Amino acid sequence: MSSLVVPGQPLGSASAYIPGPGVHIFNGQIIASLVGQVVTTTPPSSSSSSSTNTTTTTTPTPTISVQKPILSTTATEEPNATLLPEVSSTVLCRITRINTRQATASIFSVNDHICGDEFQGVIRVQDVRLTEVDKVKIFNSFRPGDIVRARVISLGDQSNYYLSTAGNELGVIMADSEMGDQMYPINWREMKSTRTGVVEERKVAKPF
Amino acid sequence: MAAKAPDRRRNNPPSHGTTPPVFLSSASSGAVKPKQSSRPPNEIRKIFLRTGLISSVTGSSFLEIAPLKLSISVLGPRPLPRTSSTPFAAQAILTTEVKFAPFASTVRRGYVRDSSERDLGSRLYQALVGAIRRELYPKSRIEVVVTILDSEDEGDDVNTVYMEEGKTTVETKFWDAGRSERALGVVLAGCITAASAALADAGIEMFDLVSGGVATSFVDEVGLKGKGVGDAVSNKLYVRDPAIAPPEGKVPLATCVLGYMAARDEISELWISGKVGTKNGTAEMDELVDEAIAAARSARGVLNEAAKERVQFIVDKTGTTEPLKEESTDVQMTG
């Protein structure tokens, strides 16, 4: 079992390791910035043919990081309180309001981890899909209550993260019909009610 | 300080408490000074520090140094409030709040924050803000909330009274001067140490842990009477982590409180109050600061262990539960 480190503790020379999460560099030293266990991962000895210099037996630089162990004994995942959405992270969100220009959403999951707090994001009409952007109507893409997989394209302004569903794998993944029963996707822009068979328009994510 | 507006929203008890009077016996003459413990001046009092006691917040800690008891909650990083006036924050916004519980000092405090609490809050902010890697948490808010449950501080009213008395009769009451600074200094140093532990418990990335240190310089009472304060340099006594009562026959000169990052050798917050002579240049001040740094270094040892303790507990627990889990699945498979 590896021993624990505290913030400020030097872990090694900056030239010997690639800094991963939980560490920072100060005065040419890699310093821990979290309390936790030191994890060094050596990348798999990739194509050794790329012997650039005279040193033929160059081992790849290991990545050093500090991980805070989580008390997760059961399958129920605890929310990660220090998790924030970043640009290009994939999020799950619930549509809260729509108007002609944008759909407002509440982000509850970032990169398959549950957030401690919900963040507010918007999907603007020009970010709904990749093609024929000017024909998009928010009303035919999302409805309040839909669960949407989206990608963060900007940290946005003070209150909203800017999200995009331009991509096949992005869009509505769960939705209820106007009658309130669940719908299943039938193509990239339509979903069908399980009970009544009514077809509604959505920007549907490609099922895996 | 301006008279406090009465708090009409709550049913308040009398503001000064109702302790029954304790009369001195006629045999003992004169006022009794509080007793000084037999602790070497270069040794800080024992610290009790533990993290992760409040489960509903991101990180928390509880600290005890002799009579001082405080608990700290760290909330966040959480999204900025929708109504906030800040346009866009590329770095996390840190807010610190220090509140004495109404029963924390001998004179009952109000529920509304007073000036000394706001002052402690801004000093705590200054001590912590440089240590947190705020650039990792854009558009978010980290809140540090300190509740002081017990302290040696006697509340603003008593402190003001003592100061006013000191003005009229300087010699007799001088040993009480700097009383509130010492008490608040110990509180602030405790806040800094405990807040670092709470931030570490929250898993918020930091450049270094900040530990608080406090030191007071004392001189002989007799040496002070004839000459000015500045001359009594010779028998100077530095006390780390001073109790509110001065050592026997000594009067306090100055108190220094600082937030210190030991691994980087950086001071993040410095607060000196009292009389520091300037005859020998800044040597006198440097000595005082060095003493406070030494006190902060001592506190850092405790802080390191406290920060590790909870994580070690989790490591041990996950280490022991994993084989148990395997056993249970084995049973299921055979049955």
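Biologist: How many residues of chain A are in contact with chain B?
Modeller: 28 residues of chain A are in contact with 38 residues of chain B, where contact puts the C-beta atoms, placed from the backbone, within 7 Å. Mind that this is a predicted model: local features need pLDDT of at least 70, side-chain atom pairs count only at pLDDT 80 or more, and totals for chains, interfaces and linings use all residues. Residues are numbered from 1 along each chain as its sequence is written, and chains are lettered from A and ligands numbered from 1 in the order in which they are written.

Biologist: Which element gives the largest share of chain A's side?
Modeller: β10(A), with 4 residues. Both β4 (23-26) and β10 (113-124) of chain A supply at least two residues there. Strands here are DSSP E runs of at least two residues and helices are H or I runs of at least four, numbered from the N terminus.

Biologist: What's on chain A in UniProt?
Modeller: An unreviewed UniProt entry lists "domain: Exosome complex component CSL4 C-terminal" for residues 84-113 and 116-155 of chain A. Such annotations may be inferred rather than shown by experiment. Residues 84-113 of chain A are 0% helix and 63% strand, while residues 116-155 of chain A are 0% helix and 42% strand.

Biologist: Switching to chain B, what is the strand order in the open sheet?
Modeller: β7-β6-β8-β9 (chain B), 4 strands with antiparallel pairing; a pair needs at least two DSSP bridges. The edge strands are β7 (237-240) and β9 (266-274) of chain B.

Biologist: How many bridges join β6 to β8 of chain B?
Modeller: 10, between residues 211-220 and residues 250-261 of chain B. In that pairing, B:Ser217 stands opposite B:Ala254.

Biologist: Which strands does helix α4 of chain B lie across?
Modeller: Helix α4 (residues 179-202) of chain B lies across β6, β8 and β9 of chain B, at about 160° to β6(B). That angle, on a scale of 0 to 180 degrees, is between N-to-C directions of axes fitted to C-alpha atoms.

Biologist: What does B:Ala195 touch?
Modeller: Not counting residues up to four places away in sequence, B:Ala195 touches B:Ile72, B:Leu124, B:Leu128, B:Val144 and B:Val146.

Note on methods:
Contact = placed C-beta atoms within 7 Å.
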